[in-house]
Amino acid sequence: MLTTYKKSVKKTNSFLINSIWAIAWLSSLGATTLVAEPKGLVPEQRPWYRYIREPMPAPTIPRITVFRLSNGIAVYFLPSDAVPLVQLQVIVAGGGFEVPDGKQGLNSLWGETVVFSGSNEMPRDALAQYLEQRASAFSFHPGLERSHFDLQSLSHYFERDVMAIFGVLNNPRFAAEDFAILQRRMLQDLERLDENPARWASLGINHYFWGNSPRGRYATRRTVAALTAEDLTAWHKRMWHAGRITLAVTGNTTQGRLLPLLDSTFGRLPNKGENPDLQQLRIPPTAKGNELWHLPKDIPQATVIYKAPGMRHSDPDYYALRILDFLLGGDSFNSYLTQKVRTERGWAYTAYSTFDTDQFTGTLTLFTQTANHNVPDVIALIDSILAEPRQFITAEKVQQAKMALRNKFVFLFENPVQYLRLYLQLLWDGLPEDYLHTFLANLDRVTTEDVLRVAQRYYRPEKFSLLVCGPEGIYTRKSALRPERMHKLQLEK
């Protein structure tokens, strides 16, 4: 439930395959029934309605095994023998929020250099050859609160791969020439940052919303150019110790094989050093609400983003929020926002809502892209939708959302690796052990009044700040709720 539903367009061949499958499935219900079905029946009277009305069997929620290494590192293990693969996630607490001002980009460059440069025993080219020969993968994923190194191996190579990768993680090479290559690549990426208007606008609204706090800072060419190989060495010394590390393993192995392997590698790390103070992320946004910002960009199609404060994941109203977002803009082409902006008026190809939650805070976001001349009308329409939530929040719609979310629930457990990541995120968000076991029951308890109450508390249009990325002169006020003029926002690349 943490991941936002992504919009996508199915290719023609996929559409044909799905259509053929649907016809075959309907045919299996009985050709006579399909042909003879009377016209004018309401959905509840049609023979197929029972397939969406009747509750689906509850999924079996996988059980995670937890054990500790001799130095206290926690290991979360989910066995899966569907394919002969094993994935290890080495999760390092802390990350982007701890980077000193003026050194943004340090955490990302550190992890990328570890993965790229290897160790003295297995330098860059030897590491690349080793991984390629075994079809193994070793990667880094930076984060604000936590970062992780991922190793994916065929099960019969896993033990050897773990020993090889631990050698890299424990004694990274940080070769000057490798650091220079990655630093130059990052600088080139930052130079092209504004070539993607959606990405540029998202960066802009996030920076405006959170200011120069740890949540709002970002890497620039200036901060990355100032980094040195010595910075990486010092950062590694700070980050790499047992007190920061959590291990997560998924795949075709056993706890009996894992424990001695991990204890002989990660279990040797000293359990000392500076641990992250996550309370630094307990910060309010700096945005005041109902402000309108302009990020200048000479493009034919503007990006419009709404952003407002939300709630923590552990808030009792989270379930109502989940339903509200689904109805407003989280259900792809069936949501109210998409129907009004895209389908009825043709003002945008994509218009959706989403939200983020963690253990400290949350945000609400609405996003669309439209031709420049439509911007005032789009803002006025979205404001009117937010101001009148009863347009799309009805008892019937709430029940439909519950059914759809209930049917989507099973897909949380489709991929063991993704499920284990979800399990850990729920744990870190402070949710109870039985959260997923009780999720559907708690969802069913949500009333229409609950959803309306959340809309009126969090989704009032004046609570949202807006950012428009587009050319000069793009805005004239058509929504009485909005300011006469936009403030100009300048971003450093």
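Buried means under 20% relative accessible area, exposed over 50%, and partly exposed in between, with a 1.4 Å probe and protein chains only. By that cut-off, 50% of the 493 residues of the protein are buried.

The model is predicted, so local features need pLDDT of at least 70 and side-chain atom pairs count only at pLDDT 80 or more, while totals for chains, interfaces and linings use all residues. Residues are numbered from 1 along each chain as its sequence is written, and side-chain values use heavy atoms, with hydrogens and water left out.

**Whole chain**

Show the protein as a cartoon: there are 18 helices and 12 strands. Helices (H or I, at least four residues) and strands (E, at least two) are DSSP runs, numbered from the N terminus. Switch to a surface: the accessible area is about 24000 Å², and 52% of that belongs to carbon and sulfur atoms. Areas come from the Shrake-Rupley method with a 1.4 Å probe; for residues, only the protein chains shown count as cover. Contact means heavy atoms within 4.5 Å. Among contacts between residues at least 6 apart in sequence, 81% join residues at least 24 apart.

**Sheet with β1 to β6**

Select β1 to β6. They form an open sheet of six strands, in the order β1-β2-β6-β3-β5-β4, with mixed pairing. Two strands pair if DSSP finds at least two bridges between them. β1 and β4 (137-141) are at the edges with a single partner strand each, so one side of each has no neighbour in the sheet. From one strand to the next the twist averages 15°.

β1 (residues 65-68) pairs with β2 in the antiparallel sense over four bridges, and V66 has Y76 as its bridge partner. The two strands form a hairpin with five residues between them, and G72 in the turn has a positive phi of about 95°. In β2 (residues 74-79), five of the six residues are buried. On to β6 (residues 245-251): six bridges join this strand to β2, and the two run parallel. A74 stands opposite T246 here.

Next take β3 with β5 (residues 146-154), which are antiparallel and joined by nine bridges; the partner of V90 is F149. Axes are lines fitted to C-alpha atoms, for helices over the stretch in contact, and angles run from 0 to 180 degrees between N-to-C directions. α4 lies across β4 and β5, at about 170° to β4. α11 (residues 255-263) touches β1, β2 and β6, and its direction makes about 30° with that of β1.

**Helix α10**

Select 229-239. Which residues of α10 are buried? They are A229, D231, L232, W235, H236 and M239. Exposed E230 and K237 are on the face turned away from the buried side.

**Sheet with β7 to β12**

Select β7 to β12. This open sheet also has mixed pairing, and its six strands are in the order β9-β10-β8-β11-β7-β12. β9 (348-357) and β12 (487-488) are its edge strands, each pairing on one side only. Inside it, β8 (residues 301-309) and β10 (residues 362-371) are antiparallel over nine bridges, with A302 partnered by T370. Two helices lie across β9 and β10: α12 (residues 318-330), at about 170° to β9, and α13 (residues 336-343), at about 155° to β9.

**Cores**

A nonpolar core is a set of buried Ala, Val, Leu, Ile, Met, Phe, Trp, Tyr and Cys residues joined through side-chain atoms within 4.5 Å. The largest has 70 residues, and those with the most contacts inside it are Y306, I323, Y419, L436, Y459, F464 and V468. α12 gives the most to this core, with nine residues. A second, separate core of 51 residues includes F67, L109, F140 and L247.

**Last stop: A198**

A198 is in α8 (residues 197-210) and is buried, with a relative accessible area of 18%. Leaving aside its neighbours within four places in sequence, A198 is in contact with T303, F367 and Q369. The C-alpha atoms of A198 and F367 are separated by 9.1 Å, with the two residues 169 apart along the chain.
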